[in-house]
Amino acid sequence: MTFIQSLPKQWTIKQLMDTPGRINMLNERVVTLVGMKRLESEALFVSSEGGGTLRETAKVHFAGQERYWWLARKVAGVMRRVLLSELQLQKCTVDKPCIDCAVCGLLGGLNTDNNTALFSRVKLQDLISVEPYEYDEKFRIRQPDDPNKGNPVPFQEVIVPPGTRFPFIIRLIKPSQFDIGAFLYANALADGLGYGNYSKLRGNATTQWIAIFDGFAHISAYELLASDDLNSALQAIADNPAGPVNVKNTLHSDELNTYIHDVTSSKEKWVS
Ligand SMILES: [Zn+2]
């Protein structure tokens, strides 16, 4: 029995809508998930799309050097798509969230047709790489879909290489059993499908989860990335997290792996 099994099964949209004003993090529970994502194939995380022939993955100067920058909202977008498809919610789409389904209940959204909104209870931090950014321009050629029409187009791209790792820190506000299960399940599927916008740059990933904390663990990506011994820093966080955390409830090691295996192997484990 983990602390997650003592959480409510699932919130209804009405219960979420009825929460007066903003959800108060001091009164409502928070769960913190921490892991490490590792790219298994090339990816291109563009922050803006220009019209030129050079496509460049985004970078940011952080914790002493330039690093690859993977925007949290791109991860959230892929996860929403995956969950909508898995739960077969045809009336809700990424572009027009219905604000009336389990996915909107978790990931929030704004519907301008009937003026309803829910804020996302999943708070993802931007993902910033452990490995430093390297400007490695690749010269490539795009073949036309139909070789009888159009010409091959040369282009260049600067990609994120496979093996690049990113600390992955998530806070889930007012969590239910459904929320945590759905998030972990969608994450596992999204990792397999990839986060790439381009067919040849699939951006597959794997996630190694380190801990799930009952509380608002103060984990700083900056401190992790500035540390010269990342594994020890992660271990220290798992053993003794800073911030308001109920430490005896922490899921890590075998207990964490068993729980994650459970919820990612079957939707029945978290769909009410
Ligand atoms: Zn919806």
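**An open antiparallel sheet and its packed helices**

In this predicted model, five strands are arranged as an open sheet with the order E7-E11-E1-E12-E13, and their pairing is antiparallel. The edges are formed by strand E7 (122–124) and strand E13 (251–252), each of which pairs on one side only. Within the sheet, strand E1 (residues 30–39) is joined to strand E11 (residues 165–173) by nine bridges in the antiparallel sense. In this pairing, valine 34 has isoleucine 169 of E11 as its bridge partner. Helix H4 (residues 177–193) packs on the sheet, where it touches E1, E7, E11 and strand E12 (205–214). The direction of H4 makes about 165° with that of E12.

Helix H4 also packs with helix H7 (residues 253–265). The angle between H4 and H7 is about 75°, and their axes lie 8 Å apart. Angles of 65 to 115 degrees count as roughly perpendicular, and H4 and H7 are therefore roughly perpendicular to each other. On the H4 side, the contact involves Gly181, Leu184, Tyr185 and Ala188, which meet Ile260, Val263 and Thr264 of H7. Of the residues in this contact, five are nonpolar and two are polar, while no charged residue takes part.

Helix H6 (residues 230–239) contains the buried residues Leu234, Ile237 and Ala238. Because these residues cover an arc of only 100° around the axis, they lie on the same side of H6. The buried residues of H6 pack against E1, E12 and E13. Ser232 and Asp239, by contrast, are exposed and are carried on the face of H6 turned away from its buried side.

Further strand pairs were also examined. Strand E3 (residues 59–62) and strand E4 (residues 65–70) are paired in the antiparallel sense over four bridges. Phenylalanine 62 has glutamine 65 in E4 as its bridge partner. E3 and E4 form a hairpin with two residues between them, and alanine 63 in the turn has a positive phi of about 50°.

Strand E9 (residues 137–142) pairs with strand E10 (residues 153–158) in the antiparallel sense, over six bridges. In this pair, phenylalanine 139 stands opposite glutamine 156 in E10. Strand E9 is hardly covered, as the count of buried residues among its six residues is zero.

Methods:
Residues are numbered from 1 along each chain as its sequence is written. This is a predicted model: local features need pLDDT of at least 70, side-chain atom pairs count only at pLDDT 80 or more; totals for chains, interfaces and linings use all residues. Two strands pair if DSSP finds at least two bridges between them. Two residues are in contact if their C-beta atoms, placed from the backbone, lie within 7 Å. Axes are lines fitted to C-alpha atoms, for helices over the stretch in contact, and angles run from 0 to 180 degrees between N-to-C directions. Angles under 35 degrees count as roughly parallel, over 145 as roughly antiparallel, 65 to 115 as roughly perpendicular and the rest as oblique. Ala, Val, Leu, Ile, Met, Phe, Trp, Tyr, Cys and Pro count as nonpolar, Asp, Glu, Lys and Arg as charged, and the others, Gly among them, as polar. A residue is buried if 20 or more other C-beta atoms lie within 10 Å of its own, exposed if 12 or fewer, and partly exposed in between; C-beta atoms are placed from the backbone. The arc is that of the directions from the helix axis to the C-beta atoms.
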